[in-house]
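Try each task on your own before you read the solution.

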Amino acid sequence: MSTGIRDKGAIIGMGCSRFGERFDCDLEALLVAAFDEAIADAGIERGRIEAAWCGIAVPELSLGLSGTPVSVALRLPNIPVTRVENMCATGTEALRGAAYAVASGACDFALAIGGEKLKDTGFGGLPDIGMGPKNDLFWPQISAPGAFAQLASAYQAKHGVSRDDIKRAIGHVSWKSHQNGALNAKAHLRKAVEMDTILNSPIIAEPLGLFDCCGVSDGAACAIVTTPEIARSLGRSGAFVTIKALQLANSNGREASHRSWDGSYFVTTREAARRAYAEAGIREPRDELDLLEVHDCFSITELATMEDLFVSPVGGAPKDILDGFFDRDGGLPCQSDGGLKCFGHPIGASGLRMAYEVYNQLLGRAGPRQLSSPTLGLTHNLGGFPHQNVCAVSILGLPGA
């Protein structure tokens, strides 16, 4: 019977480039920046890395379909490099490959890296994936804001939430992200924004306003993974983070094929969360977790995710949000680095960027946004549309947590 990979993988080094409109460099340079920070943090030689997974969601914009350009850019020692893609969960998919490799004993040191160079398209939103007319069920002819606005409408209808109340709740989500992003030197958007500005911003797709939508960014992030035993043999003592759980769940099409799903939540997040908590031995996530990094592509997504992760009661996320429960000084801080909304969302990097924030928070390295003694953190990625998507949930913690 399978037991999962709890405490079988340890992250000993992480790196992240500055996110933003990085017209000053190409994707290779962003990947190198993230890798250089990670390898220095890990304190090992490049030649000890035995396998690598690279997440690039839109290879047509950059390095193509192979992992070889990544190997060349990083001067990896002729090791296997696998390029992976799983929509907006691509970065976590890369981490999963590296974590499974060391947990299985296939290698002692593995690399997970991901990045994207989206601003070069000149397009204000995510690029057209070009999946063709036969895939309209999966990639419908609708904008991302339009699709997630439908999530908001469904949530309002199910729970009897007025427009004013949903606007105040999702407005607080965005306000919180801007407050936190202002403290993050690597964030794309570093300006705190007043609540009145958020609530009175132009509507993009009712009820989502301008500040309820994350932007498009360039960036890269990286992790070096080994086993806890090897980490200790390197003399790192407790200066590493162990992987408690790493679960993915993909839609199977049922949400889009009949009316049993009401559109107000994500089936995949609930399933991935259940599996992750079981793998990590977590019974009460609201009480046991110390911080969250979730996929706030739109502010309504973060609101729904609080319930899908079983942190807020069903229908209770707006109250928790407005009570400040997820603020940096609240009961369970969420998006302490600014999230997708302000740190940025280069697709292939986002999952690893979330892990980077949790890693630094757990090791007490988060600078002006450092939380008080966290020991367990969760990351959550969501790729696709509400009716069909992939969700990744990982739980990272200090040794012994």
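**Exercise 1. Are Phe 148 and Phe 266 buried or exposed, and how do their rings sit relative to each other?**

*Solution.* Keep in mind that this is a predicted model.

Step 1: Phe 148 and Phe 266 are both buried, with buried meaning under 20% relative accessible area.

Step 2: Their ring centres lie 6.3 Å apart and their planes meet at 35°, so the pair is tilted. The reasoning is that planes under 30 degrees apart count as stacked and over 60 as edge-to-face, with the rest called tilted.

Step 3: Now place the two residues. Phe 148 belongs to helix α4 (residues 144–159) and Phe 266 to the loop between α8 and α9, so this pair ties together parts that are 118 residues apart in sequence.

Step 4: Ring pairs also bring in Phe 298, giving a cluster of Phe 148, Phe 266 and Phe 298.

**Exercise 2. Classify the aromatic pair formed by Phe 325 and Phe 326.**

*Solution.* Step 1: The centre-to-centre distance is 5.1 Å, with 80° between the planes.

Step 1: That angle is over 60 degrees, and the pair is edge-to-face.

Step 2: Phe 325 and Phe 326 are each buried. In total, the structure holds four aromatic pairs.

**Exercise 3. Why is helix α3 described as largely enclosed by the rest of the structure?**

*Solution.* Step 1: Helix α3 covers residues 90–103 and spans 20 Å from its first C-alpha to its last, close to the 20 Å expected.

Step 1: Count the buried positions. Of the 14 residues of α3, 11 are buried, so the helix is largely enclosed. Among them are Thr 90, Glu 93, Leu 95 and Val 102.

**Exercise 4. Which residues line the largest cavity, and which helix gives the largest share?**

*Solution.* Step 1: The largest cavity holds about 40 Å³ of space.

Step 1: Its lining includes Val 173, Ser 174, Phe 211, Cys 297, Phe 298 and Lys 341.

Step 2: Helix α5 (residues 163–181) supplies the largest share, three residues.

Step 3: Sorted by class, the lining has six nonpolar, three polar and three charged residues.

**Exercise 5. Which arginines lie over the faces of Tyr 100 and Tyr 265?**

*Solution.* Step 1: Over the face of Tyr 100 is Arg 96, at 5.7 Å from the ring centre.

Step 1: Over the face of Tyr 265 is Arg 270, at 4.0 Å from the ring centre.

Definitions and conventions:
Residues are numbered from 1 along each chain as its sequence is written. This is a predicted model: local features need pLDDT of at least 70, side-chain atom pairs count only at pLDDT 80 or more; totals for chains, interfaces and linings use all residues. Side-chain values use heavy atoms; hydrogens and water are left out. Helices (H or I, at least four residues) and strands (E, at least two) are DSSP runs, numbered from the N terminus. The expected span of a helix is 1.5 Å times one less than its number of residues. Buried means under 20% relative accessible area, exposed over 50%, partly exposed in between (1.4 Å probe, protein chains only). On a 1 Å grid over the protein atoms alone, a cavity is a set of points where a 1.4 Å probe fits but cannot get out, and a pocket is an open set with protein on both sides within 12 Å along at least five of seven lines; lining residues have an atom within 4 Å of a point. Grid points are joined across faces, edges and corners, and a volume is the space filled by probe spheres set on the points. Ala, Val, Leu, Ile, Met, Phe, Trp, Tyr, Cys and Pro count as nonpolar, Asp, Glu, Lys and Arg as charged, and the others, Gly among them, as polar. Rings of Phe, Tyr and Trp (its six-membered ring) pair if their centres lie within 6.5 Å; planes under 30 degrees apart count as stacked, over 60 as edge-to-face and the rest as tilted. A charge sits over a ring if NZ of Lys or CZ of Arg is within 6 Å of the ring centre and within 35 degrees of the ring normal.
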